[in-house]
Amino acid sequence: MELENWESNRMIGRVERYLLERIENEGTIHMTLIDPEKTDPETAALISSDSESLGSSAIMVGGTTIVSQNMLNSVVKQVKEAVSIPVILFPNNIVAISEYADAIWFMSLLNSADPYFISGAQVLAAPLIKKLSLEAIPLGYIIVGEGGSAGVIGKACPIPYNKPELAIAHALAAEFFGMRFVYLEAGSGASRPVPAEMIRKVKEGISIKLIVGGGIRNGNQAKEAAKSGADVIVTGTIIEGEERESIKSKLSEIISGMREGAKAKLRMR
Ligand code: 1GP
């Protein structure tokens, strides 16, 4: 096979290609994160369908404390039936894999002090991912600020918000490892999202795609993150425990804010 064909056929799968195209066209894209321990399958399907209508590009499914694979499978299956955008697994551990998803973030927690979260779980999961033909998208995961439950469970040494140079170093390591996405994670429900300055400096320092999440609750924060250079914005907590209409209005505010920020980002290209 020609090198070029090998690269296009083998390295980058269908979901990743779709994400890259949307980022290229829209500047910044939004993903809704569903935690199957906190949202039942029916509600997950409704929220996912609303997210798609409002402009989300993908649904991520995962949480820090997944205990039931059955629940995960039901959520993924029902979400798949409700949307045409991809469903991407966001695994906390080896049990968080479902054959019904389109792809999986194949993620390494780069600032963990425990090798299990850097490459151990990944080695255990890889054969199953292959067997299920799940598209694996390589992702460097970096916990910053408070770090939340993901920081505690993943035994991370969170990067302080006033040390963007450390975030750049970790993100560059992800790039040099060959990962194609890097995620600055403030932790689900963080009281402060990743600061604009950290996003801007990391974006300037790398050439892979930058995902930002944790603590984004309003349109202004989404706008700031996009304007500062985020390629993907993830929100999860805003869809939990609220009425459908109020979730829709929050999502719409966040996606409009992001789009405003993305316009500024596109102009700066
Ligand atoms: C958590 O970054 C995601 O992994 C989303 O965070 O729940 O605070 O939106 P929130």
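This note goes through the ligand site, the aromatic residues and the nonpolar cores of a predicted model.

1. Ligand surroundings. The ligand is surrounded by 14 residues, and the closest of them are Glu185, Ser188, Gly189, Gly215 and Thr237. When the ligand is taken on its own it has 310 Å² of accessible area, and the protein covers 96% of this.

2. An oxygen atom of the ligand lies 2.8 Å from an N or O atom in the side chain of Tyr183.

3. The structure holds five aromatic pairs. In one of them, Phe90 and Tyr183, the ring centres are 5.4 Å apart and the planes stand at 15 degrees, so this pair is classed as stacked. Phe90 sits in the loop between strand S3 (87–89) and strand S4 (103–109), whereas Tyr183 belongs to strand S6 (residues 181–185), so the pair ties together parts that are 93 residues apart in sequence. Phe90 is buried, with a relative accessible area of 7%, and Tyr183 is buried as well, with a relative accessible area of 1%.

4. Edge-to-face pair. Tyr183 also pairs with Tyr141, and here the centres are 5.2 Å apart with the planes at 90 degrees, so the arrangement is edge-to-face. Because Tyr141 lies in strand S5 (residues 135–143) and Tyr183 in strand S6, this pair links parts that are 42 residues apart in sequence. Tyr141 counts as buried, because its relative accessibility of 7% falls under the 20% cut-off. Phe90, Tyr141 and Tyr183 together form one aromatic cluster, and the side chain of Tyr183 is also the one described above as having an N or O atom 2.8 Å from a ligand oxygen atom.

5. Nonpolar cores. The largest nonpolar core has 53 residues, with Leu184 and Met198 having the most contacts inside it. Helix H10 (residues 244–267) gives the largest share of this core, namely five residues. Apart from this core lies another, of 26 residues, which includes Leu19, Ile23, Ile29 and Val234.

6. Contacts of Leu184. Leaving aside residues up to four places away in sequence, Leu184 touches Ile142, Val144, Ala167, Val194, Met198, Ile199, Val202, Leu210, Ile211, Val212 and Gly213.

Key:
Residues are numbered from 1 along each chain as its sequence is written. This is a predicted model: local features need pLDDT of at least 70, side-chain atom pairs count only at pLDDT 80 or more; totals for chains, interfaces and linings use all residues. Side-chain values use heavy atoms; hydrogens and water are left out. A nonpolar core is a set of buried Ala, Val, Leu, Ile, Met, Phe, Trp, Tyr and Cys residues joined through side-chain atoms within 4.5 Å. Buried means under 20% relative accessible area, exposed over 50%, partly exposed in between (1.4 Å probe, protein chains only). Helices (H or I, at least four residues) and strands (E, at least two) are DSSP runs, numbered from the N terminus. Contact means heavy atoms within 4.5 Å. A residue is near a molecule or strand if one of its heavy atoms lies within 4 Å of it. A polar contact is a pair of N or O atoms within 3.5 Å; within protein, one must be able to donate a hydrogen and the other to accept it, and residues adjacent in sequence count only if both atoms are side-chain atoms. Accessible areas come from the Shrake-Rupley method with a 1.4 Å probe; for residues, only the protein chains shown count as cover. Rings of Phe, Tyr and Trp (its six-membered ring) pair if their centres lie within 6.5 Å; planes under 30 degrees apart count as stacked, over 60 as edge-to-face and the rest as tilted.
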